[in-house]
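Here is a friendly walk through the strands, the packing and the ring pairs of this structure. Please keep the 3D view open beside the text as you read.

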Amino acid sequence: MWKFIIRRIIIMFPQLVLLSVIVFILAQMMPGDALTGMALDPDMDPAQLEAMREDLGLNDPWYIQYFSWLGGVLQGDFGQSVAHALPVSDLIWVRLVNTFWLSLMSLFFVYILALPLGLISGRWNDTIADRIITGYTYIGFAAPLFIFALIMLFVFGFQLGWFPTGGSVEANTGGGLAYFWSKVYHLILPSLSLALIGTVTTVQYLRSEVIETKQKEFILTARAKGVPEQKVYTGHVFRNSLLPIAAVFGYEIAALISGSVFVERIFSYPGMGQLFLESIQIRDFSVVTALVLLFGVAAIIGALLSDIILSIVDPRIRIK
Amino acid sequence: MKYQLESKEVMSMTENALLSATNVKTSFRIGDDYYAAVDGVTLTVNNNEVVAIVGESGSGKSALAFSILGLHDRFKTNLEGEIYLNGTDLTSVSTGKLNQIRGKDIGMIFQDPLTALNPLKTIGDQIVETLNLHTKLTAKEKYERSIHLLKEVGIPRAENVHQQFPHELSGGMRQRVVIAIAIACDPALLIADEPTTALDATIQSQILDLLNELKEEKDAGIILITHDLGVVAEMADRVAVMYAGQIVELADVFSLFRNPLHPYTRSLLSSVPSVKDEKEMLHVIEGVVPSLPKMPRQGCRFKDRIPWMEDNVHEEHPELREVENGHYVRCTCYKHFYFPEEEEELAHVDTNY
Ligand SMILES: Nc1ncnc2c1ncn2[C@@H]1O[C@H](COP(=O)(O)OP(=O)(O)O)[C@@H](O)[C@H]1O
Ligand SMILES: [Mg+2]
């Protein structure tokens with residue numbers, strides 16, 4: 001297993017390099033450069049400006065620029081935000097933490113929903129319960145996330161007033177437990193909206209896995225041994241069906257983060273997604289670039305996580 | 001751990017047979033209709049006896065085996081007839097009781113050892129699972145028993161294999177594990193559904209030897225399903241030849257090979273690869289077993305595959321009749337049957353002498 005994991009981590013490096021090159025090219029193509037980010041005197045002498053460019057290495061060949069950019073990124077230096085006149089890293093950090101919690105909470109809801117629904121509808125396929133569940137997954141597929149999130153916000157936030165309609169925490173809650181609960185309270189509606197839509201793929205996947213697994217021959221072997229029906233499922237079908245689900249777990253994270261772009265916007269939740277949309281609107285390109293890079297890294301790490309989990313749960317991979 | 005009678009039911013018609021199946025009819029739902037894949041099979045199996053069931057693919061052999069264990073999907077299958085195992089009718093017992101019988105009184109060996117084991121459980125766990133269900137042994141005893149079983153089926157380094165996963169073993173080894181699971185509780189009846197079809201020739205004979213030993217040692221009855229007459233000759237005491245869901249001929253193994261009667265049996269026997277040339281198949285009767293919806297349900301079911309025979313040689317309602325002591329055959333067409341190229345063939349043999 002360790003061999004596999006180490007090999008898998010090594011594979012990750014070229015992926016990261018490729019990502020960084022793409023993002024770097026993207027950054028070069030965007031208007032403005034490092035100087036644009038500093039609030040400089042517009043009447044500055046062009047010669048002086050040129051000297052500053054030279055100083056900052058902006059006239060160097062692209063590969064030297066790439067490595068100095070990469071060096072900065074590795075130390076958490078993403079440059080300056082034009083709009084906020086702040087280092088991009090300062091701007092992103094708080095948002096990153098917020099999005100992390102949102103994704104975690106969504107992930108929790110996704111699986112809390114998907115496991116029972118998928119297992120029930122797979123085990124009792126073509127019964128009424130299964131029809132209802134599959135019906136829900138079709139709706140989930142068809143409904144655009146941002147419209148669904150808007151409806152959730154309208155009904156549970158504004159009409160019923162059960163949940164806050166924006167922000168990530170109540171303004172003056174002090175610290176400790178009250179602060180924690182306020183955070184959770186603000187998270188519930190956005191993460192639930194995200195999860196209710198995001199879970200349907202997992203439900204359908206799990207359902208078809210269960211249906212496929214229960215027709216496998218080793219299930220017949222189990223029945224022929226005299227294993228009672230309930231145990232056939234808990235002991236044989238479910239574990240084997242959960243395997244591929246575990247394998248997509250990491251990808252699920254990446255999907256949730258991209259989904260959070262819309263949800264954060266709708267719930268005015270100060271996360272990376274919201275920052276991303278804002279920054280595009282106000283053409284704060286250094287922030288956009290940094291966020292694209294982070295989203296990319298999240299996707300790559302998600303995939304890594306998937307493979308590691310799979311190698312832990314599946315003995316066939318563990319051995320190799 | 002000898003098998004003991006648990007049911008006090010009178011063994012009325014079952015006499016002393018271990019298994020006695022009467023008029024078993026297994027129908028599958030296809031669309032809105034039910035079609036019988038096993039159509040009125042009556043068969044007995046005694047202790048220390050191997051009954052082989054032969055027939056081409058699709059003739060209903062597995063469907064019959066699955067019916068005995070009640071393994072068919074209840075919602076898509078209709079099962080009629082009686083199947084008595086030591087006095088208990090398997091078709092009418094409760095699910096709970098059936099689960100007690102499966103694995104304990106009846107062991108099943110499936111065709112493909114590559115898919116018959118749970119890929120996520122160790123070999124040991126899969127054997128112990130059966131012991132958990134049917135015995136009250138302690139954990140240590142179960143471990144020892146499973147090691148003993150692995151050794152019994154000829155697996156070297158049993159302690160190692162105990163902890164391995166199925167994918168780490170070869171096909172032959174896995175089939176041995178499947179057999180170890182099947183015999184874990186010393187079942188009175190062993191059903192082996194094409195146990196060697198998926199294996200290569202050397203492994204095949206090893207597995208057959210193993211089954212033979214088990215029969216001798218445990219006094220078990222064995223139903224051996226196969227389409228390989230070589231296997232039948234080697235293993236069987238009695239043979240049931242199945243075609244299109246029915247037994248067309250039933251006899252002890254010597255009578256069947258010495259004096260095959262039904263045209264289907266004769267064609268199966270003559271399509272054994274010739275000794276001289278392994279590729280050459282003699283007398284293969286063309287066609288395949290018809291699919292369930294297309295299966296003829298009136299008259300002789302084999303009629304369409306021997307079209308050169310006149311219609312009037314067949315019975316209108318063919319039945320399995322005893323024509324010699326213990327030798328049963330269905331339909332009267334056997335009395336008149338000849339292979340179309342028979343004369344030619346004889347001439348050929350002549351020149352060889
Ligand atoms: N579960 C099922 N549903 C519908 N038809 C089936 C099912 N199982 C088997 N059959 C059909 O029943 C016939 C007999 O199948 P089977 O018993 O598997 O034959 P054999 O084992 O002799 O090759 C075949 O025509 C097969 O297609
Ligand atoms: Mg079969």
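## The nonpolar cores

A nonpolar core is a set of buried Ala, Val, Leu, Ile, Met, Phe, Trp, Tyr and Cys residues joined through side-chain atoms within 4.5 Å. Please bear in mind that this is a predicted model. Which residues touch the most other members of the largest nonpolar core? They are B:Ile68, B:Ile106, B:Ile179, B:Leu189, B:Ile191, B:Ile223 and B:Val239, in a core of 102 residues. At least three residues of this core come from each of two domains of chain B: domain 1 (1-8 + 17-105 + 188-353) and domain 2 (118-186). Another core, of 59 residues, lies apart from it and includes A:Met12, A:Leu189, A:Met272 and A:Leu293.

Leaving aside residues up to four places away in sequence, B:Ile191 touches B:Ala65, B:Ile68, B:Leu69, B:Ile106, B:Gly107, B:Met108, B:Ile109 and B:Ile223.

## An open sheet and the helix across it

In chain B, 4 strands form an open sheet in the order E2-E1-E4-E5, with antiparallel pairing. Its edge strands are E2 (33-45) and E5 (88-89) of chain B, each pairing on one side only. Strand E4 (residues 77-85) of chain B is joined to E5(B) by 2 bridges, and the two run antiparallel. Here B:Tyr84 stands opposite B:Asp89 in E5(B).

Helix H1 (residues 61-69) of chain B lies across strand E1 (19-30), E2 and E4 of chain B, and runs at about 110° to E1(B).

## A strand enclosed by the rest

Now turn to strand E9 (residues 238-243) of chain B. How many of its 6 residues are buried? The count is 6 of the 6, so the strand is largely enclosed by the rest of the structure. In a regular strand the side chains alternate between the two faces of the sheet. In E9(B), B:Arg238, B:Ala240 and B:Met242 point one way, while B:Val239, B:Val241 and B:Tyr243 point the other way, and all are buried.

E9(B) also has pairing partners to look at. Strand E3 (residues 50-54) of chain B runs parallel to E9(B), joined by 4 bridges, and B:Val51 stands opposite B:Arg238. Strand E10 (residues 246-252) of chain B pairs with E9(B) in the antiparallel sense over 6 bridges, with B:Ala240 opposite B:Leu250. The hairpin of E9(B) and E10(B) has 2 residues between the strands, and B:Ala244 takes a positive phi near 50° there.

## Aromatic pairs

Over all chains, the aromatic pairs come to 17. One of them is the edge-to-face pair of B:Phe66 and B:Phe110, at 6.1 Å centre to centre with 85° between the planes. This pair links distant parts of the chain, 44 residues apart: B:Phe66 is in helix H1 of chain B, and B:Phe110 is in the loop between strand E6 (106-109) and helix H3 (123-134) of chain B. B:Phe66 counts as buried at 14% relative accessibility, and B:Phe110 counts as buried at 2%.

Why is the pair of B:Tyr264 and B:Phe302 edge-to-face? The planes of the two rings are at 65°, with the centres 5.1 Å apart, and planes over 60 degrees apart count as edge-to-face. This pair too links distant parts of the chain, with B:Tyr264 in helix H10 (residues 263-270) of chain B and B:Phe302 in the loop between H10 and strand E11 (320-324) of chain B, 38 residues apart. B:Tyr264 counts as buried at 0% relative accessibility, and B:Phe302 is buried with a relative accessible area of 1%. In chain A, ring pairs link A:Phe24, A:Tyr66, A:Phe67 and A:Trp69 into a cluster.

Notes. Residues numbered from 1 in each chain as written. Chains lettered and ligands numbered in written order. Predicted model: local features only at pLDDT ≥ 70, side-chain atom pairs only at ≥ 80, totals over all residues. Heavy atoms only, no water. Pairing = 2+ DSSP bridges. Contact = heavy atoms within 4.5 Å. Axes fitted to C-alpha atoms, helices over the stretch in contact; angles between N-to-C directions. Buried < 20%, exposed > 50% of the residue type's maximum accessible area, 1.4 Å probe, protein only. Domains from an automatic or database assignment. Phe/Tyr/Trp six-rings, centres within 6.5 Å; stacked < 30°, edge-to-face > 60°.
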